[in-house]
Amino acid sequence: MAKYMLIMRGTDESVAKMMATPFEEMLETVGRFNDELIRAGVLVAAEGLDDPSQGVVVDFSEWCAS
């Protein structure tokens with residue numbers, strides 16, 4: 001079964017907020033989120049990614065440009 005990963009870029013504001021958050025707090029927040037996904041039965045996998053040479057980049061920026 002194929003697996004996919006979606007990575008979305010943050011805004012300047014969201015990155016600034018993340019950088020101001022203590023690392024331990026971020027780890028706790030992500031841990032709670034992952035626990036919720038597990039309890040909901042929707043966390044399918046959490047292993048590492050394959051070598052980048054095995055991946056594909058899909059870029060819709062030209063399609064979405066106004």
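Me: The expected span of a helix is 1.5 Å times one less than its number of residues. How do you know what span to expect for H2, and what does H2 reach?

Reply: In this predicted model, H2 has 18 residues and reaches 26 Å from its first C-alpha to its last. That is close to the 26 Å expected at 1.5 Å a residue.

Me: What comes just after H2?

Reply: Gly41 does, and this residue takes a positive phi of about 75°.

Me: Thanks! Why is Val56 called exposed?

Reply: Exposed means over 50% relative accessible area. Val56 has 73%, so Val56 is called exposed. You will find Val56 in the loop between helix H2 (23–40) and helix H3 (61–64).

Me: What makes Val56, Val58, Phe60 and Trp63 a nonpolar patch?

Reply: Nonpolar side chains such as Val, Phe and Trp are joined within 5 Å, if their residues have over 30% relative accessible area and no salt bridge. Val56, Val58, Phe60 and Trp63 form such a patch on the surface, with about 550 Å² of accessible area together.

Me: How many residues of the protein chain count as buried?

Reply: Buried means under 20% relative accessible area. Of the 66 residues, 0% count as buried. The protein chain exposes about 7,000 Å², and carbon and sulfur atoms supply 60% of that area.

Definitions and conventions: Residues are numbered from 1 along each chain as its sequence is written. This is a predicted model: local features need pLDDT of at least 70, side-chain atom pairs count only at pLDDT 80 or more; totals for chains, interfaces and linings use all residues. Side-chain values use heavy atoms; hydrogens and water are left out. Patches are made of residues with over 30% relative accessible area and no salt bridge: like charges are joined within 9 Å, nonpolar side chains (Val, Leu, Ile, Met, Phe, Trp, Tyr) within 5 Å. Accessible areas come from the Shrake-Rupley method with a 1.4 Å probe; for residues, only the protein chains shown count as cover. A salt bridge is a side-chain nitrogen of Lys or Arg within 4 Å of a carboxyl oxygen of Asp or Glu. Helices (H or I, at least four residues) and strands (E, at least two) are DSSP runs, numbered from the N terminus. Buried means under 20% relative accessible area, exposed over 50%, partly exposed in between (1.4 Å probe, protein chains only).
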